[in-house]
Amino acid sequence: MKDVMRRNYHLLILLFPVVFWLFCFFFLPLASVFIYTFLKSGLYGGVEWIPTLENYQRLFDGLYLGILWRSVSTALICTAVCLLLGYPFAYYLARYRPKHRNILLLLVVVPFWTNFLIRTYAWILILRTEGLLNSLFGAVFPNWSPVELLNTPLAVQIGLVYGYLPFMILPLYAALEQLDMSLLEAAQDLGASPRRAFWHVTVPLSLPGILAGSMLVFIPTVGAFLTPDLLGGGKVSYIGNVIERQFKTARDWPFGSALSFMLMGIVLVGTVLYFRALQGSEESEAS
């Protein structure tokens, strides 16, 4: 009994720094934001300690529901595009010669060596009317008239795909690199074509990587505000930009907190669906 108590005591000592850190810098701020959602905004900013449900009622306004749908649909499109671009690259990377594989992995990670803000500003130089892209097309096609790409939803989508594509490639590579090639050979020996073996063997076995990459892309893009603000020019509102303006410009902290919790709920639902799908894939593999 004393040994068990001593073991639990040592375990508590080891866990105390982590629990203390999470309590002070995660749970307490989260609890304060949650409390703000039930309070009224002050006339000149700040918070009035008057209980109300008005902030949650405003969430069902058609304007904010439309912005939310735009943010979610943009994140879903970004996730799908990253999957379509990242899967072939990750598959090729996993099958490439180990001698040069690390070089390709380094190329995937190299963009992280530069600040995300600087990389986003670089896309402004590329997509603007007098930018690199229009200049390149003008040099190839003499009758080319410059196209307004900057400050459009397309520019936002390009910036999001560029910024979060590595988050899709790396989990996919981790899943595909562990793939047992003998399973593909067995499928082909049983009469399956390479395409059929790919869809019925490779894709199901790489499903954990697909789900992990999709979550790593969807969660940050659904609440992104920097890329839409810089590449969208503020012409199209996304939920991340609306939350930022509520805290910095409108000074309506209670409503901004309610919007934040709504976004958190969407992310939580996506995370639960991810774990259920992952559990289902593991059960199917085990059976």
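Glu54 counts as partly exposed, at 37% relative accessibility. Here, buried means under 20% relative accessible area, exposed means over 50%, and partly exposed lies in between (1.4 Å probe, protein chains only). The model is predicted: local features need pLDDT of at least 70, side-chain atom pairs count only at pLDDT 80 or more, and totals for chains, interfaces and linings use all residues. Residues are numbered from 1 along each chain as its sequence is written, and side-chain values use heavy atoms, with hydrogens and water left out.

Glu54 forms a salt bridge with Lys40. A salt bridge is a side-chain nitrogen of Lys or Arg within 4 Å of a carboxyl oxygen of Asp or Glu. In this pair, the closest N and O atoms are 3.5 Å apart. The bridge links distant parts of the chain, with Glu54 in helix H2 (residues 54–58) and Lys40 in strand S1 (residues 40–41), 14 residues apart. Helices (H or I, at least four residues) and strands (E, at least two) are DSSP runs, numbered from the N terminus. Lys40 is partly exposed, with a relative accessible area of 30%.

The whole structure holds 4 salt bridges. One of them joins the side chains of Arg58 and Asp252, at 3.0 Å from N to O. This pair also links distant parts of the chain. Arg58 sits in helix H2, while Asp252 lies in the loop between helix H12 (239–248) and helix H13 (253–286), 194 residues apart. Arg58 counts as partly exposed, at 26% relative accessibility. Asp252 is buried, with a relative accessible area of 11%.

A salt bridge also connects the side chains of Glu244 and Lys248, at 3.5 Å from N to O. Both residues lie in helix H12. They are 4 residues apart, about one turn of the helix. Glu244 counts as partly exposed at 22% relative accessibility, whereas Lys248 is exposed at 61%.

A search of the whole structure finds 0 disulfides. Cys78 is in no disulfide, and its nearest cysteine sulfur, that of Cys82, is 4.1 Å away. A disulfide is a covalent bond between the sulfur atoms of two cysteines. The cut-off for the pair of sulfur atoms is within 2.5 Å. The sulfur of Cys82 is therefore too far from that of Cys78 for a bond. Cys78 is buried, with a relative accessible area of 0%. Cys82 also counts as buried, at 0% relative accessibility.

A nonpolar surface patch covers about 860 Å². Val18, Trp21, Leu22, Phe23, Phe25, Phe26, Phe27 and Leu28 make this patch. Patches are made of residues with over 30% relative accessible area and no salt bridge; like charges are joined within 9 Å, and nonpolar side chains (Val, Leu, Ile, Met, Phe, Trp, Tyr) within 5 Å. Phe23 is found in helix H1 (residues 2–36). Phe23 is partly exposed, with a relative accessible area of 46%.

Across the protein there are 13 helices and 2 strands. Buried residues make up 36% of the 287 residues. The protein exposes about 17800 Å², and carbon and sulfur atoms supply 70% of this area. Accessible areas come from the Shrake-Rupley method with a 1.4 Å probe; for residues, only the protein chains shown count as cover. The C-alpha atoms fill a box of roughly 85 × 70 × 35 Å, taken along the principal axes.
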